[in-house]
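Notebook open. I want the sheets, the helices and the record's annotations looked up in turn.

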Amino acid sequence: MASTIQALWSRAEAAGSRNSAGGPGGNSTNTSSSSHGGGMTPAQLTAFRHWMSLVNADLMRWYGLSLCVLIFFFILFHVSRTFMHLQGRRGMMGKMVAAPFRAFRKIALRKMPKFTSNGHFALIATYTGLNVFFAVYRTGFGGIYGTGFIAKRCAWLALCNLALVFLLAMKNNPIAFITGYSHERLNVLHRWAGRFVWVQASIHVCLATRLRQEDHTYRAGLTAWLFFSILFFCSFAFIRRRAYEYFFIVHIVCALGAAAALGFHEPKTYGMVLYLASGMWIFDRLVRFFRGVHYSKGTKATIYPLPGDAVKVVLNKSATFQPASHGFINIPSLKLFQSHPFTISSANSLEFIVRAQRGFTRKLYDRAVQNPGQSLQCYFDGPYGNVPDYRRMNRVILFAGGSGGSFSFAIATDIVRNLKRCCVESIEFVWVIREKSHSKWFEKELEELRNCPVVNLRIFVTREPSDLVNTHPESPTNGTAEDLHRSLPIHDSTESGLTIDEKPGSSSGVHSNDILSVPEKALELTIDTRIKPLSRSGSVGSMSPCYFESGRPDMDAIVKEATRNANQHDLIAVGACGPTELMRRARNATAAAITTSGASISLHCEQFGWG
Ligand SMILES: Cc1cc2nc3c(=O)[nH]c(=O)nc-3n(C[C@H](O)[C@H](O)[C@H](O)COP(=O)(O)OP(=O)(O)OC[C@H]3O[C@@H](n4cnc5c(N)ncnc54)[C@H](O)[C@@H]3O)c2cc1C
C-alpha cells in the first residue's frame with residue numbers, strides 16, 4: 001500500500017503542473033477523465049484521495065498534540081507561577097529557578113499594544129505559527145498537488161480550532177479550573193481561536209467552490225460557513241460594545257447553526273468532534289442553569305441609588321465565596337432574558353456596585369432612583385473567577401478605578417476582618433474615582449479600612465469640583481438642581497410608605513441616614529452629587545481629607561515604595577481592577593519592581609469585560 005501511495009505521489013508530483021482545478025487532491029467530479037487526476041485512473045484517484053485523507057488525519061493528530069503541548073505549557077506556566085510565587089527563593093528549587101523565572105516574568109508581564117501582555121502575545125504568536133505551519137506542510141502549496149489538498153487541510157484545522165472555541169466558551173471549563181485563569185481572562189483566546197476557524201473555513205470554501213458539487217454536502221458546508229461569517233462579523237468590538245445583547249444572541253444561534261450544518265456536511269469525519277464540543281458546551285449551560293436555580297430560590301435583589309450613576313445591589317443571601325469573585329445577575333422584571341456579570345464587592349455577603357451603562361444597568365439605575373430600596377426577584381449564577389489568596393501575602397498593593405473598587409474592597413475587607421489569620425503586614429490601597437462623592441459607593445468598607453492600622457488608604461479624585469459635568473445625557477445627575485427636582489418622581493413619603501430599613505437586605509446599612517424617606521434620599525443623593533460634591537456630610541464626608549488626593553496616582557512610585565525594604569522571602573501581591581490604562585500601568589509598574597534576587601511579586605489584573 002505504502003509503495004503504491006509513494007508511486008501515486010510521485011506521479012501526482014510529475015503531473016502536478018498539468019492539473020486541472022483541484023489537482024489530484026481536488027474534488028473534481030469528472031473522475032472518468034484521466035487528465036483530471038494528473039494522469040490517474042479513477043481507481044488511482046480514489047486511492048490518492050484516500051492517501052490525502054490519511055496524511056491530513058495524521059497531521060491533524062500532530063496539530064492536536066501540538067495544541068495539547070501548548071495548553072500544557074500554558075497550564076504549567078500558570079501553576080508554576082503560583083508555586084514559584086509562594087516558594088520565593090526558599091529551598092534549592094527556589095534558589096535555582098527563581099532568577100530565570102522572574103527574568104522571564106519581568107518581560108512577559110509588560111503590556112504589549114493591542115495585546116494583554118507580552119506573554120499573551122507570545123502565546124498567540126505560537127498558536128498562529130502552528131496554524132500556518134499545519135495549513136501548508138505537505139500540501140505542495142497548492143501548486144503541485146492541487147488546491148484541494150489545502151482546502152481539505154484548512155477544513156480539518158478549522159474543525160480542531162472549533163473544538164477549542166467551544167472549550168474556551170465554557171464558563172466552567174477545565175483549563176480555567178487547572179490554571180486558575182478564569183473564563184473571562186481566557187475569553188481572549190476563545191476569540192483568537194474563533195478568528196482562525198473563520199479564516200480557515202473561508203479558505204476551504206473559496207477553494208472548494210472551484211470544485212463545486214451541487215449536492216447537499218456542499219450546501220450544508222456553505223450554510224455552516226455563512227453562519228460562521230455572520231458570527232465573525234457580528235463579533236467585532238464596535239458591535240459588541242454597542243449592542244452586546246444582539247451580538248450575544250447572534251453568537252449563540254450562529255454557533256449552534258454552524259455546528260449543526262457541519263454535522264450534515266461531513267457526518268462521519270466531523271460528527272464525533274462536533275458532538276463532543278457541543279456536548280461540553282451544553283453541559284456547561286446545564287451546570288449554570290441548575291446552579292442558578294439552586295442559588296436563586298427566593299432570592300431578592302434590593303437596589304439603592306448611589307451618586308455617579310451607580311446602584312448598590314444587595315441580595316438577601318449570605319455567601320462564603322472567594323472574595324472578589326463575580327456572578328451573573330438576571331432580574332426578569334427589568335430584562336427577562338439578560339444576565340450580566342458583576343463582581344461581589346463584599347467579603348461575606350452578596351453585594352454589588354453597578355455602574356450604569358446604556359442597557360440593563362441603566363434600567364436598574366433608573367428603577368433604583370424611582371424606587372430606592374425596592375426588592376426585585378433575581379437569579380444569580382456564580383461564583384466565577386479565580387483570585388489569588390491574598391491572605392498568604394506579606395504585603396498587598398491594590399489599585400482600583402471607579403467601580404473596579406468592588407474587587408479591591410472585597411479583598412481588603414476580607415484581610416482586615418481576618419487579620420489574625422493572615423500573614424499580611426501592610427496593604428497599600430489606592431482607589432481612583434472621578435468625584436469625591438463616589439466614595440459613598442463603599443462607605444462602610446472605607447470606614448473599616450480607615451480604622452485598620454495595616455492599611456494605607458489613598459483615594460485619588462480625578463475631577464475638580466468645577467469639572468463636574470455628568471457625561472451621560474440621560475443621567476438625572478446631569479443638570480441643574482431645578483432640572484433634577486423636575487426629573488425625579490416626588491412622591492409623598494408617607495404615601496409610598498417606603499423606608500430602606502423596611503426592605504429585605506437593608507441590614508447591610510447602605511446609607512448612614514436611613515431615617516430619610518426613600519424618594520427624599522434619592523433626591524438628596526443625586527442633587528448632592530451635582531451641586532456640592534466635595535462637602536458631603538456623613539461618615540465619608542467627615543473622613544479626614546488627607547485620604548483624598550487630587551489627580552492620578554504615580555503607580556510606579558507607589559509600587560516601588562511599597563516594595564522597598566522587602567526581604568527576599570517576602571511575598572508581595574499586586575492586584576488591579578479598572579480602566580485599561582490603570583491596568584496597563586499596574587502591569588508595567590509591577591514588571592519594573594520584579595527583581596531576580598528580591599521579594600517575590602505577583603500580579604493579578606481583573607477586568608470588567610472580555611479582555
Ligand atoms: C467579570 C466581570 C465583572 C464585572 N463586574 C462589574 C462590577 O462589579 N460593576 C460594574 O458596574 N460592572 C461590572 N462589569 C461590567 C458589566 O457587566 C457591564 O457593564 C454590564 O453588563 C453592562 O450591561 P448593559 O446592558 O447596561 O450594557 P450596554 O450599555 O449594553 O453596554 C455597555 C458595555 O458593557 C458591555 N456588556 C454588556 N453586556 C455585557 C455582558 N453581559 N457581559 C459583559 N459585558 C457586557 C458591552 O459590550 C459594552 O461594552 C463586569 C464585567 C465582567 C466581565
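I started with the open sheet of six strands, ordered 11-10-9-8-12-13, with parallel pairing. Strands here are DSSP E runs of at least two residues and helices are H or I runs of at least four, both numbered from the N terminus. I count two strands as paired if DSSP finds at least two bridges between them. Strand 11 (548-550) and strand 13 (600-606) are the edge strands, each pairing on one side only. Neighbouring strands of this sheet are turned by 15 degrees against each other on average, direction ignored.

A note on the source: this is a predicted model, in which local features need pLDDT of at least 70, side-chain atom pairs count only at pLDDT 80 or more, and totals for chains, interfaces and linings use all residues. Residues are numbered from 1 along each chain as its sequence is written, and side-chain values use heavy atoms, with hydrogens and water left out.

**Strand 9 and its partners**

I looked up strand 9 (residues 426-433) next. Its parallel pairing with strand 10 (residues 455-461) runs over seven bridges. Glutamate 428 faces asparagine 456 in strand 10. Strand 8 is also joined to strand 9 by seven bridges, and the two run parallel. There, phenylalanine 399 has valine 430 of strand 9 as its bridge partner. My cut-offs for relative accessible area are under 20% for buried, over 50% for exposed and partly exposed in between (1.4 Å probe, protein chains only).

Contact means heavy atoms within 4.5 Å. Axes are lines fitted to C-alpha atoms, for helices over the stretch in contact, and angles run from 0 to 180 degrees between N-to-C directions. Helix 18 (residues 555-563) packs on the sheet and touches strand 8 (395-401), strand 9, strand 10, strand 12 (571-577) and strand 13. The direction of helix 18 makes about 165 degrees with that of strand 8. Helix 19 (residues 580-593) packs on the sheet too, touching strands 8, 9, 12 and 13. Its direction makes about 170 degrees with that of strand 13.

I found an open sheet of three strands in the order 4-3-7, with antiparallel pairing. Strand 4 (340-343) and strand 7 (379-384) are at the edges with a single partner strand each, so one side of each has no neighbour in the sheet. The twist averages 30 degrees from one strand to the next. Strand 3 (residues 326-330) pairs with strand 4 over four bridges. Isoleucine 329 has histidine 340 in strand 4 as its bridge partner.

**Helix 4**

I compared length with expectation, taken as 1.5 Å times one less than the number of residues. The 19 residues of helix 4 (residues 118-136) should span 27 Å, and the end C-alpha atoms are 27 Å apart, which agrees. Its buried residues are His120, Leu123, Ile124, Tyr127, Leu130, Asn131, Phe134 and Ala135. Just after helix 4, arginine 138 takes a positive phi of about 60 degrees.
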